[in-house]
Amino acid sequence: MSEALDRLLLQPRPFAAAATRLAEGGSREEVRVSRAAWSFLLAALHRQAGRPLLVVAPTDEEARDLAVELTAIRGGAHVALWPSRGVPSGGAVGPAPHLVG
């Protein structure tokens, strides 16, 4: 079933192009898609690329949700979640020294 779903998800031109570039070793891709489709599209891109992907979510909550969804689709061995530094990047306040080493 995942192969049929992958074909359907990767059919639109931007997604097909991203999958091809990732499979060929591309180092950066950006695709815009509604939140409801994130996990399914990322799982399809991961299967197509055949290698690890680094995904950055807009917020901690969305990152946690996405990790849970991807774990359900791809399994825990394929998903890792790195917590944020606790402060916005480039903000006026930096992270505590014990968080960054």
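User: Which residues make up the largest nonpolar core?
Analyst: This is a predicted model. Its largest nonpolar core has 10 residues: L9, L10, F15, A18, A19, L22, L41, A44, L45 and A49.

User: Which helices each supply at least two residues of this core?
Analyst: Helix 2 (13–23) and helix 3 (38–49) each do that.

User: What about a second core, which residues does that include?
Analyst: The second core is separate and has five residues. Among them are W38, A43, L66 and L70.

User: Back to L22. What does L22 touch, not counting residues up to four places away in sequence?
Analyst: L22 touches E29, L45, A49, R51 and L53. Of these, L45 and A49 are listed in the largest core along with L22.

User: New topic, D6. Where is it?
Analyst: D6 is in helix 1, which covers residues 2–9.

User: Is D6 buried or exposed?
Analyst: Buried. D6 has a relative accessible area of 9%, and the cut-off for buried is under 20%.

User: What does the D6 side chain make a polar contact with?
Analyst: The side chain of R47, at 2.7 Å.

User: And which residues is D6 in contact with, leaving aside neighbours within four places in sequence?
Analyst: A44 and R47. A44 is also one of the residues of the largest nonpolar core.

User: Now V68. Which helix, and is V68 buried or exposed?
Analyst: V68 is in helix 4, residues 60–74. V68 counts as exposed because its relative accessible area is 57%, and exposed means over 50%.

User: How far apart are V68 and A80?
Analyst: In sequence, 12 residues. In space, 9.8 Å from C-alpha to C-alpha.

Technical notes
Residues are numbered from 1 along each chain as its sequence is written. This is a predicted model: local features need pLDDT of at least 70, side-chain atom pairs count only at pLDDT 80 or more; totals for chains, interfaces and linings use all residues. Side-chain values use heavy atoms; hydrogens and water are left out. Helices (H or I, at least four residues) and strands (E, at least two) are DSSP runs, numbered from the N terminus. Buried means under 20% relative accessible area, exposed over 50%, partly exposed in between (1.4 Å probe, protein chains only). A polar contact is a pair of N or O atoms within 3.5 Å; within protein, one must be able to donate a hydrogen and the other to accept it, and residues adjacent in sequence count only if both atoms are side-chain atoms. Contact means heavy atoms within 4.5 Å. A nonpolar core is a set of buried Ala, Val, Leu, Ile, Met, Phe, Trp, Tyr and Cys residues joined through side-chain atoms within 4.5 Å.
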